[in-house]
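Hi,

Here is the model I promised to pass on.

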Amino acid sequence: MNKEIVDDKTMKRTLTRITYEIIEKNKGNQNLVLIGIKTRGAFLAERIKMRLQQLEDIDVPQFALDVTNWRDDQQTVQAGGEQPPFSADQIAGKHVVLVDDVLYTGRTIRAALDAIMSVGRPSKISLAVLVDRGHRELPIRADYVGKNIPTSHREAIKVSMAEIDDEDKIEIIEPAAE
């Protein structure tokens, strides 16, 4: 059973609020780099980039990162897997804002941090997430949170985005009754 908890208008307002928080905490600093975790985090980072351009007239570099090869829960690493799409020069001394759709155990974020650090050393890394659902297994917390949505371990959060799902919404997916 699916229960919609955020519609398209609320999602747009939430992303605008996150963008304003990034602006406020960085005082409009142009030393930012956005790195979105594939797949939906990359689309969210692109939307934040566009809002930063609209609101502050700053063009922030933005990259999409596949963290598959850095996950600690994968049995095997893909040979010749995808490397980060940025160079050390593009992140060195920069404030990286890592963007993802849902923060759950923290393992995806840990993998993203490993991928970033394998390339270079930013001056700072912050985390922006659309949804924080709790249940952390690692000591990771988001600096920018769109919505805190407490869930049980049995439930799931589904983020739909127009770019790939033809609509914007967030749902709680409850397991079928047995």
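The largest pocket holds about 210 Å³ of space. Sixteen is the size of its lining: of those 16 residues, R71, D100, D101, V102 and T108 are the closest to the pocket's centre. A pocket here is an open set of points on a 1 Å grid over the protein atoms alone, where a 1.4 Å probe fits, with protein on both sides within 12 Å along at least five of seven lines; lining residues have an atom within 4 Å of a point. Points are joined across faces, edges and corners, and the volume is the space filled by probe spheres set on them.

Before you go further: this is a predicted model, so local features need pLDDT of at least 70 and side-chain atom pairs count only at pLDDT 80 or more, while totals for chains, interfaces and linings use all residues. Residues are numbered from 1 along each chain as its sequence is written, and side-chain values use heavy atoms, with hydrogens and water left out.

Back to that lining: α2 (40-56), β4 (95-103) and α4 (107-119) each supply at least two residues, and β4 gives the most, with four. Helices (H or I, at least four residues) and strands (E, at least two) are DSSP runs, numbered from the N terminus. By class, the lining has five nonpolar, five polar and six charged residues. Ala, Val, Leu, Ile, Met, Phe, Trp, Tyr, Cys and Pro count as nonpolar, Asp, Glu, Lys and Arg as charged, and the others, Gly among them, as polar.

The second largest pocket has a volume of about 180 Å³. K12, L15, T16, R47, M50, R51 and Q54 line it, and α2 gives the most, with four residues.

**The helix α2**

What does α2 pack against? Its buried residues (under 20% relative accessible area, 1.4 Å probe, protein chains only) are G41, A42, L44, A45, R47, I48, K49 and L52. They make contact (heavy atoms within 4.5 Å) with α1, β2 (32-37), β3 (62-65), β4, β5 (124-132) and α5 (162-165). D57 follows α2, with a positive phi near 55°.

**One annotation**

An unreviewed UniProt entry marks residues 96-108 as "short sequence motif: PRPP-binding"; such annotations may be inferred rather than shown by experiment. Over residues 96-108 the chain is 15% helix and 62% strand.

Cheers

Methods:
Buried means under 20% relative accessible area, exposed over 50%, partly exposed in between (1.4 Å probe, protein chains only).
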